[in-house]
Amino acid sequence: MLLTCPYCGLRDQSEFTYRGDANARRPSFADESIEAHAAYVFDRENPSGLHEEIWNHTSGCRNHIKVVRNVTTHEVVSCEPVGPFAKALKRGRAT
Amino acid sequence: MSRYSALAILRNAFTGNRHWTPAWRKPQPKAQYDVVIIGGGGHGLSTAFYLARVHGIANVAVVEKGYLGSGNVGRNTTIVRSNYRLPPNSAFYEKSMELWRGLSHELNYNVMFSPRGVMNLAHTPGQMDAYAERGNQMRLMGVRSELLDRGQVAKLNPGMDVSGSARFPIEGALLQPDAGNARHDAVAWGYARGADQLGVDLLENTEVVGFLKEGDTIVGVEVERAGERSEIRAGKTGVAVAGSTSRVMKLAGVDRLPIESTVLQAFVSESIKPILPSVTTFGAGHLYVSQSDKGGLVFGGNIDYYNSYAQRGNLPVWEEVMSELVAMFPNFARLRLLRSWGGIMDMSMDGSPIITTGPLPGMYLNAGWCYGGFKATPASGWCFAHTIANDKPHALNSAFTLERFKQGRPIDELGAGPTPWYH
């Protein structure tokens with residue numbers, strides 16, 4: 001499996017570290033519901049088709065990227081930058 | 001349905017083996033069952049068997065999308081062990097060992113259980129300390145364990161490189177002498193035949209496409225069979241579908257569970273003469289290898305570290321697994337690989353299973369087996385049958401609920417946290 005790092009280009013999967021479901025959203029700390037926080041930590045949709053997930057280019061630029069991938073066919077639909085450098089990259093200033 | 005025995009083999013040999021009957025019936029589905037189990041793998045079939053055998057509930061159907069045993073029970077590395085550290089896991093897997101020991105007689109089917117020992121190699125003094133601790137934990141739970149030094153490892157495993165010049169020199173090992181292997185397909189077939197003889201209907205090529213609901217309560221399943229849809233009503237509905245848990249539960253309206261599906265790969269080499277007496281695991285990485293009765297080396301390592309429903313994996317895992325095998329046994333480098341495959345693991349958020357009532361009324365869930373489901377097959381079915389029959393868990397599976405995640409008491413053997421791909 002190959003992933004396109006938005007910063008470094010097409011690289012082998014072995015350069016990346018998987019960081020899981022990109023849609024886990026931490027509830028606000030003002031939200032005192034244990035269910036909401038437990039659901040954030042533990043519950044996942046685990047779809048069999050397209051999955052949005054975070055990978056880190058550990059053996060490359062060490063940036064996080066958001067990958068949309070079909071988990072049944074291994075087809076990679078998109079690899080987008082996320083995190084502090086993402087906006088700068090979109091404005092064309094990051095390297 | 002005939003009983004298997006040495007006499008039956010002789011009798012059939014003298015009559016040209018023309019009178020063997022199929023091991024189980026191919027029944028038509030009834031409109032109503034007391035219990036419907038979704039999933040005709042090891043756990044679903046053993047659940048149906050123990051429902052009928054232990055609890056006297058024989059009006060049971062097992063609904064299977066493909067053929068019986070077509071999933072993970074037919075594609076694992078056949079290791080049976082109970083060398084755990086945390087008490088809920090130790091007690092549960094030791095129950096499984098107890099059932100394994102008598103299984104061939106219980107089922108009248110040779111599951112080829114072979115307690116040849118599971119040897120976990122240690123390569124550092126720190127690892128030896130950790131294994132001493134694990135061995136003591138096992139003994140406290142009544143599980144036999146032995147801590148071995150390098151000389152004892154060499155004696156038990158003569159083919160291994162135990163020299164000081166090995167890539168990762170071997171310090172010693174932890175041995176569970178009562179652990180070993182079993183013939184995976186035979187386990188599925190034996191439970192299927194046993195359940196069938198007790199009156200359970202095994203419905204193959206029957207896919208669940210929906211659940212029947214009255215309010216919130218599950219009252220049966222909608223199935224597709226030979227292109228036609230029909231309804232099967234059930235007093236109780238059990239789900240034991242391993243890697244497909246999230247997909248099937250979504251049909252019931254349960255959209256999120258503490259489970260992610262990943263792929264685990266396994267490999268078999270060409271057949272060679274006996275060289276590897278025990279199941280052996282490499283301690284400086286993650287690799288487990290044993291030799292099948294046909295002579296092939298059966299081995300595997302880590303899961304592919306990403307969500308997957310593909311029954312095939314990627315090459316980085318191959319490279320890691322092969323390099324570790326050769327680091328341990330340099331002479332295996334000349335063997336040819338016969339085949340490899342992948343199975344879908346239902347990785348739970350703490351690495352421990354779920355055998356519970358719910359999450360909806362009328363429904364029972366058996367899932368989260370990670371890559372250790374095969375050895376659990378007897379105890380999983382035994383506990384799940386108890387849970388279904390009595391509407392509450394047995395003491396052995398009372399810790400394996402969904403509530404543990406909300407209550408902050410996950411059973412995390414590795415201490416890896418809610419990262420299912422690291423368990």
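Helices, taken here as runs of at least four residues that DSSP assigns as H or I, are numbered from the N terminus. By that count, Ala132(B) sits in helix α4 of chain B, which covers residues 125-140. The structure is a predicted model.

**Chain A**

- Chain A contains two helices and six strands.
- In sequence order, these elements give the pattern β-β-β-α-β-β-β-α.
- Along the principal axes, the C-alpha atoms of chain A fill a box of roughly 40 × 35 × 20 Å.
- Chain A has 95 residues, of which 17% count as buried.
- Among contacts in chain A with a separation of 6 or more, 46% join residues 24 or more positions apart.

**Contact between the chains**

- Chain A puts 22 residues into the contact, and chain B puts in 23 residues.
- On the side of chain A that touches chain B, at least two residues each come from β3 (17-21), α1 (34-42) and β4 (50-56) of chain A.
- The element that gives the most to this side is α1(A), with six residues.
- By class, the side of chain A that touches chain B has eight nonpolar, nine polar and five charged residues.

**Domains of chain B**

- In the contact between them, 33 residues of domain 1 of chain B meet 33 residues of domain 2 of chain B.
- On the domain 1 side, β3 (79-80), α3 (87-107) and α7 (245-251) of chain B are the elements that give two or more residues.
- The largest share of that side comes from α3(B), with five residues.
- The domain 1 side of this contact consists of 15 nonpolar, 13 polar and five charged residues.

**Helix α9 of chain B and its partners**

- Helix α2 (residues 42-55) and helix α9 (residues 373-390) of chain B have axes that come within 7 Å and cross at roughly 45 degrees.
- Angles from 65 to 115 degrees count as roughly perpendicular and those under 35 as roughly parallel, so α2(B) is oblique to α9(B).
- The crossing of α2(B) past α9(B) is right-handed.
- Residues of α2(B) in this contact include Phe49(B), Tyr50(B) and Leu51(B), while those of α9(B) include Phe384(B), Ala385(B) and Ile388(B).
- The contact of α2(B) with α9(B) has eleven nonpolar, nine polar and no charged residues.
- The axes of α3(B) and α9(B) lie 7 Å apart, and these helices pack at an angle of about 100 degrees.
- That angle makes α3(B) roughly perpendicular to α9(B).
- Among the residues that meet here are Phe92(B), Leu99(B) and Trp100(B) in α3(B), and Lys375(B), Pro378(B) and Trp382(B) in α9(B).
- This contact of α3(B) with α9(B) divides into nine nonpolar, one polar and two charged residues.

- Ala132(B) is partly exposed, because 15 other C-beta atoms lie within 10 Å.
- Ala132(B) and Leu174(B) are 42 residues apart in sequence, and their C-alpha atoms are 7.6 Å apart in space.
- Asn83(B) is in the loop between β3 and α3 of chain B.
- Asn83(B) is buried, because 24 other C-beta atoms lie within 10 Å.
- Leaving out residues up to four places away in sequence, the residues that Asn83(B) touches include Val118(B), Arg134(B), Met138(B) and Gln176(B).
- Asn83(B) and Arg233(B) are 150 residues apart in sequence and 41 Å apart in space, C-alpha to C-alpha.

**Backbone details**

- The peptide bond from Gly358(B) to Pro359(B) is cis, and its omega is near 5 degrees.
- Pro359(B) belongs to the loop between β17 (354-357) and β18 (363-367) of chain B.
- Asn46(A), a residue other than glycine, has a positive phi near 55 degrees.
- Asn46(A) is in the loop between α1 and β4 of chain A and counts as buried, with 27 C-beta neighbours inside 10 Å.
- Asp391(B) is not a glycine either, and its phi is positive at about 60 degrees.
- Asp391(B) lies in the loop between α9 and α10 (403-406) of chain B and counts as exposed, with 9 C-beta neighbours inside 10 Å.

Key. Residues are numbered from 1 along each chain as its sequence is written. Chains are lettered from A and ligands numbered from 1 in the order in which they are written. This is a predicted model: local features need pLDDT of at least 70, side-chain atom pairs count only at pLDDT 80 or more; totals for chains, interfaces and linings use all residues. Two residues are in contact if their C-beta atoms, placed from the backbone, lie within 7 Å. Ala, Val, Leu, Ile, Met, Phe, Trp, Tyr, Cys and Pro count as nonpolar, Asp, Glu, Lys and Arg as charged, and the others, Gly among them, as polar. Axes are lines fitted to C-alpha atoms, for helices over the stretch in contact, and angles run from 0 to 180 degrees between N-to-C directions. Angles under 35 degrees count as roughly parallel, over 145 as roughly antiparallel, 65 to 115 as roughly perpendicular and the rest as oblique. A crossing is left-handed if the near helix is turned anticlockwise from the far one by less than a right angle, and right-handed if clockwise. A residue is buried if 20 or more other C-beta atoms lie within 10 Å of its own, exposed if 12 or fewer, and partly exposed in between; C-beta atoms are placed from the backbone.
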